[in-house]
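Let's take a friendly walk through a protein structure together. Have a look at the overall fold before reading on.

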Amino acid sequence: MQSQLMQSLHRLLNFATSNKVTITTFMMLVFLGLFLLSWVIEPRRLINGLIFTAFGLSFLIWTAILIISQHNAFLTSSFSFIALAILFGVFFLVTFSWIFFLWNAYFVWKYESHSLPNLLTLIIGLFLVGLWTLNKIGVFQKLPGWLHSLVAGATLIAFYLLFVMYNFLLNLVLYQIVPRRYKQDYLIVLGAGLIEGKKVSRLLGARIDRAIAFSNKQYDKGHKRPKLIMSGGQGKDENLSEAAAMKDYAVKHGYDPNLILLEDRSTNTYQNMIYSKEVATKDWGNTKFKAKFFTNNYHLFRAGLYAKMAHLKANGIGATTRFYFLPNATIREFAGVFIIHKKRHFVIIGLIAILFIIQAILAVLGLSKYIIA
């Protein structure tokens with residue numbers, strides 16, 4: 001029985017060795033199929049990024065095997081050069097990311113308010129400079145064993161957070177290309193704070209402009225003009241609701257006021273989705289309407305998650321945002337998505353922390369032989 005098992009494993013190994021292209025092609029197509037199926041059915045799932053990453057890695061392996069199997073020196077050298085250039089680029093970006101953060105912080109400081117959310121890239125940049133300086137002067141090499149274990153745990157947690165953020169960014173990019181489908185009944189425009197308590201900001205105006213442009217294109221394609229649902233309540237420092245100010249803006253830009261509905265109770269994105277769904281359902285008569293929501297591109301995926309939580313069958317379209325504003329805004333969005341799934345992340349981070357705290361205790365007690373290297 002054992003001999004037959006070994007023979008089977010040997011045949012399987014020989015097949016894998018001699019059919020690398022076939023196996024990697026199969027794996028690549030499986031991951032591509034899984035991604036397309038998952039993304040088409042529900043593009044508002046974080047697992048889509050993981051499946052796409054698996055497809056990307058299998059594609060790279062497939063490409064490498066295919067090129068190397070040709071035994072062509074030029075192709076092999078070119079592929080190796082490109083691969084090394086990409087690896088070097090990633091290494092450079094990670095190692096000197098503090099330069100980008102500080103560069104971005106300069107423009108945000110110059111053009112935006114100095115509120116804490118707008119200082120995120122400055123804080124991260126200074127933090128990375130501090131770590132880089134401590135590493136250069138050899139502080140981390142001089143730590144006692146127990147403290148070294150805690151630093152190792154913090155490093156592993158940081159890598160986990162980086163991976164989670166990578167997956168978020170990938171999903172954010174993928175969600176930007178969800179098909180438009182110009183047959184919508186309602187276009188939900190998500191509100192934002194008003195300037196001086198009464199005026200639509202440039203950021204909010206971009207959302208309204210994008211919705212009006214979508215409506216015009218749908219009408220030009222021979223379909224009915226959709227109704228706009230302006231979604232946003234009145235803050236304590238605002239003279240009127242965001243929804244009312246948004247309606248005034250749209251009317252001034254030529255939109256028919258009879259095709260504008262107001263949702264003026266919401267105070268956050270989740271409520272935007274909940275209450276806008278109620279407005280559309282009341283106006284339509286049931287929940288079988290077609291809708292899109294409009295926000296800024298950096299906010300698109302998190303808004304999609306909230307729409308999913310509200311059981312609103314609507315995907316989003318993002319308005320463009322000034323480039324220098326994107327890093328701070330994207331970091332805030334990542335934090336928001338992280339909090340949505342906080343239980344899952346805190347369990348994983350907690351397990352990592354417990355493991356390395358135990359190792360630190362073992363180091364203090366002089367039981368170094370039990371520490372995982």
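## The overall picture

The protein has 13 helices and five strands (helices are DSSP runs of H or I with at least four residues, strands runs of E with at least two, numbered from the N terminus). Its radius of gyration is 26 Å, well over the 21 Å that the globule rule gives for 373 residues, so the protein is more spread out than a compact globule. That radius is taken over C-alpha atoms, and the rule is 2.2 Å times the number of residues to the power 0.38.

This is a predicted model, where local features need pLDDT of at least 70, side-chain atom pairs count only at pLDDT 80 or more, and totals for chains, interfaces and linings use all residues. Residues are numbered from 1 along each chain as its sequence is written, and side-chain values use heavy atoms, leaving out hydrogens and water.

Here are some values for the whole protein:

| Property | Value |
|---|---|
| Box filled by C-alpha atoms, along the principal axes | roughly 75 × 50 × 45 Å |
| Buried share of the 373 residues | 38% |

Buried means under 20% relative accessible area, exposed over 50%, and partly exposed in between, with a 1.4 Å probe and protein chains only.

Helix 6 covers residues 120-136.

Ser149 sits in helix 7, which spans residues 145-175. Is Ser149 buried or exposed? Ser149 is buried, with a relative accessible area of 8%. Not counting residues up to four places away in sequence, Ser149 touches Phe356, Gln359 and Ala360 (contact means heavy atoms within 4.5 Å).

Key:
Expected span 1.5 Å × (residues − 1).
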